[in-house]
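Please open the structure in your viewer and keep the sequence panel beside it.

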Amino acid sequence: MMRFWLLVGVAAFLIALTGSRSPAVAESGTNSSTAPVYTADGKLVFPPKYREWVYLTTGLDMDYSPTVNLADHSMFDNVFVNPESYKAFVATGKWPDRTVFVLEGRVAGSKGSINKSGHYQTTEIMSRSIHLKDEARGGWAFYGFGDGPEGRLVPKEAVCYSCHADHGAVDTTFVQFYPTLVEIARQKGTLSPEYLKDEAAMADKKDSKK
């Protein structure tokens, strides 16, 4: 869903050392099959069954930066979250520790098979990224993946961290783009001050155009 996450994934692909086959271990004493799994050298193992997780949303050609121009193609961004964290959010409006989001970027096709207009998702995956909360490793972090099964931590200096901190609706995550969850957060009173400020500014702009 998030074009900005695509940039994260591309940058991480350049720094990811996916050739390693270090032993993978689950941490923090959890038995959950969706808990983050790391290699001995700190890489994150991509969850192979993420498409069995809870689907949150899909965006088409979303772009957070006015300087980015990827007009030569269209892309769908699909977001999934581990079921345990989804259930916790529905109950509390907050993301628990060990929350894992998977962002899957797929090339958008058109005029294929019997389709004559609009876009559909193809089998070509452009990017894979993970945003996860692991308090034992310092809280929220991004990992980018190439074609391999392991991804490396995106450096904390990357702009994705500050962007999520400054604009994320709940706990640095873009719940504002998750239509089944944003109203839950509003009802639970967990929307961030940063997001509420953005929301008020957007409302003022709309009013000024009337």
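Predicted model: local features only at pLDDT ≥ 70, side-chain atom pairs only at ≥ 80, totals over all residues.

What follows is a series of selections, each with a short account of what is there.

Residues are numbered from 1 along each chain as its sequence is written, and side-chain values use heavy atoms, with hydrogens and water left out.

**The whole chain.** Select the protein chain and colour it by secondary structure: there are five helices and nine strands, taken from DSSP runs (H or I of at least four residues for helices, E of at least two for strands) and numbered from the N terminus. Followed from the N terminus, the elements run α-β-β-β-β-β-α-β-β-β-β-α-α-α. Of the 210 residues, 46% count as buried, where buried means under 20% relative accessible area, exposed over 50%, and partly exposed in between, with a 1.4 Å probe and protein chains only.

**The largest pocket.** Next, select Ser 33, Thr 34, Pro 47, Pro 48 and Trp 53, which lie nearest the centre of the largest pocket among its 16 lining residues. A pocket here is an open set of points on a 1 Å grid over the protein atoms alone, where a 1.4 Å probe fits, with protein on both sides within 12 Å along at least five of seven lines, and lining residues have an atom within 4 Å of a point. Strand E3 (44-45) and strand E7 (120-134) each supply at least two residues of this lining.

**Helix H4.** Move on to helix H4 (residues 182-188) and pick out Gln 187 within it. Gln 187 is exposed, with a relative accessible area of 68%. If you also select Thr 92, you will find its C-alpha atom 9.8 Å from that of Gln 187, although the two residues are 95 apart along the chain.

**Two cysteines.** The structure holds zero disulfides, a disulfide being a pair of cysteine sulfur atoms within 2.5 Å. Cys 160 is buried, with a relative accessible area of 1%, and Cys 163 is buried as well, with a relative accessible area of 14%.
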